[in-house]
Amino acid sequence: MKPYVYITRKLPQETLAELQEIAEVEMWMEEEKPVPRSILLEKANKAAGLLTMLSDRIDEELLRQAPHLKAVANLAVGIDNINVEASSKYGVTVCNIPDVLTDTTADLAFALLMAAGRRITEAAEYIKDGKWNSWSPLLLAGTDIHYKTLGIVGMGRIGEAVARRASGFDMKVLYHNRRRKIETEERLGLSYRIFEDLLKESDYIVCLTPLTPETKDLFNEKAFKMMKDTALFINVSRGGVVVEEALDRALSEGWINGAGLDVFREEPINPDHPLLRHPNLTALPHIGSASTETRLKMARLAVSNIAHVLQGLKPPAAVNTGNHE
């Protein structure tokens with residue numbers, strides 16, 4: 001009898017072939033609506049593998065009720081929705097999707113930086129609203145990207161990719177990371193700063209740090225007040241690193257010039273959320289890795305992670321060691 005695998009969001013059938021050869025595969029057939037918690041718990045009870053999204057909470061409650069579970073493969077780099085420690089205790093291997101989405105997410109981060117700096121969304125809506133009556137010297141004037149100082153918080157793979165893109169715009173690149181990376185500094189021409197100094201010196205601050213107990217609420221009122229009043233804040237990491245009430249005040253009271261967000265504390269964000277009233281906020285629906293090519297690669301890797309574990313093989317991208325003996 002084939003092991004049972006449950007996938008918590010609709011994926012293209014073409015990405016499932018490797019898993020379907022060795023397992024009975026069932027899939028939640030919604031593209032945008034998350035699987036209800038009750039159904040996830042029911043399916044986990046008989047599953048040997050779960051292919052999950054960031055919106056799915058894989059906690060001790062679920063793991064206790066999943067006696068056959070061997071693998072959880074998250075369709076993301078981040079795994080803050082999964083209790084990895086508890087997974088290890090229950091003999092479950094947790095896998096993620098590193099590397100595959102690095103350049104695609106860096107493209108989006110830099111696009112969001114440019115859109116916020118040059119007021120692209122405002123300008124597009126200006127035309128659609130029928131407001132463009134004539135040319136004027138400072139109509140929707142934004143701020144330059146070239147020759148500016150970019151501060152990157154979180155110098156992992158995506159941070160390095162963003163830094164490479166910034167070099168094409170002759171930007172000075174600063175970074176802050178939990179540990180200094182001398183080789184990366186030399187290779188990419190970066191300068192390390194403590195967090196407070198990076199905030200004070202940067203024209204653009206791009207947040208790419210993972211969500212951890214140390215980074216939760218990192219960008220709070222104190223942080224925004226340290227930034228230049230001409231600075232733009234970009235977040236392509238996790239919503240939990242930002243105190244949204246503080247960002248709302250920063251935009252309302254002119255502590256900073258604007259912001260671009262691809263992530264929020266609660267997703268999807270409510271259309272009545274106070275942040276969305278600010279014309280100098282560019283908001284995106286968590287599409288950092290959303291190119292067709294990359295999403296297909298991500299799905300195939302997640303599928304391969306589960307297939308390897310179920311066959312007793314080392315998965316391509318495990319973040320812990322499950323004990324299945």
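Predicted model: local features only at pLDDT ≥ 70, side-chain atom pairs only at ≥ 80, totals over all residues.

Helices here are DSSP runs of H or I with at least four residues, strands are runs of E with at least two, and both are numbered from the N terminus.

Residues are numbered from 1 along each chain as its sequence is written, and side-chain values use heavy atoms, with hydrogens and water left out.

**Entry: β6 and its neighbours**

I counted five bridges between β6 and strand β7 (residues 172-176), which run parallel, and four between β6 and strand β9 (residues 204-207), also parallel. Towards β9, Gly-151 is partnered with Ile-205, and Val-153 with Cys-207.

Is β6 buried or exposed? Five of the five residues of this strand (149-153) are buried, so the rest of the structure largely encloses it; buried means under 20% relative accessible area, exposed over 50%, and partly exposed in between, with a 1.4 Å probe and protein chains only. I checked both faces and found them covered, with Thr-149, Gly-151 and Val-153 buried on one side and Leu-150 and Ile-152 buried on the other.

**Entry: the seven-stranded sheet**

I wrote down the strand order of this open sheet as β8-β7-β6-β9-β10-β11-β12, with parallel pairing, where two strands pair if DSSP finds at least two bridges between them. Its edge strands are β8 (191-192) and β12, each of which pairs on one side only.

Helix α5 (residues 102-117) packs on the sheet and touches β6, β9, β10 (232-235), β11 and β12, its direction making about 150° with that of β10. Contact means heavy atoms within 4.5 Å, and axes are lines fitted to C-alpha atoms, for helices over the stretch in contact, with angles from 0 to 180 degrees between N-to-C directions. I also found helix α11 (residues 244-252) lying across β10, β11 and β12, at about 145° to β11.

**Entry: the five-stranded sheet**

What is the strand order in the open sheet of five strands? I read it as β2-β1-β3-β4-β5, again with parallel pairing. The edges are β2 (24-27) and β5 (93-95), each pairing on one side only, and neighbouring strands are turned by 15° against each other on average, direction ignored. Strand β1 (residues 4-7) is joined to β2 by four bridges, the two running parallel, and Tyr-4 has Glu-24 in β2 as its bridge partner.

Leu-140 has a positive phi of about 50° although it is not a glycine, and I placed Leu-140 in the loop between α6 (120-128) and β6. Tyr-147, in the loop between α6 and β6, has a positive phi of about 70° although it is not a glycine. Tyr-147 is exposed, with a relative accessible area of 62%.

Finally, I noted that the peptide bond from Glu-267 to Pro-268 is cis, with omega near 0°, and that Pro-268 lies in the loop between β11 (258-261) and β12 (281-283).
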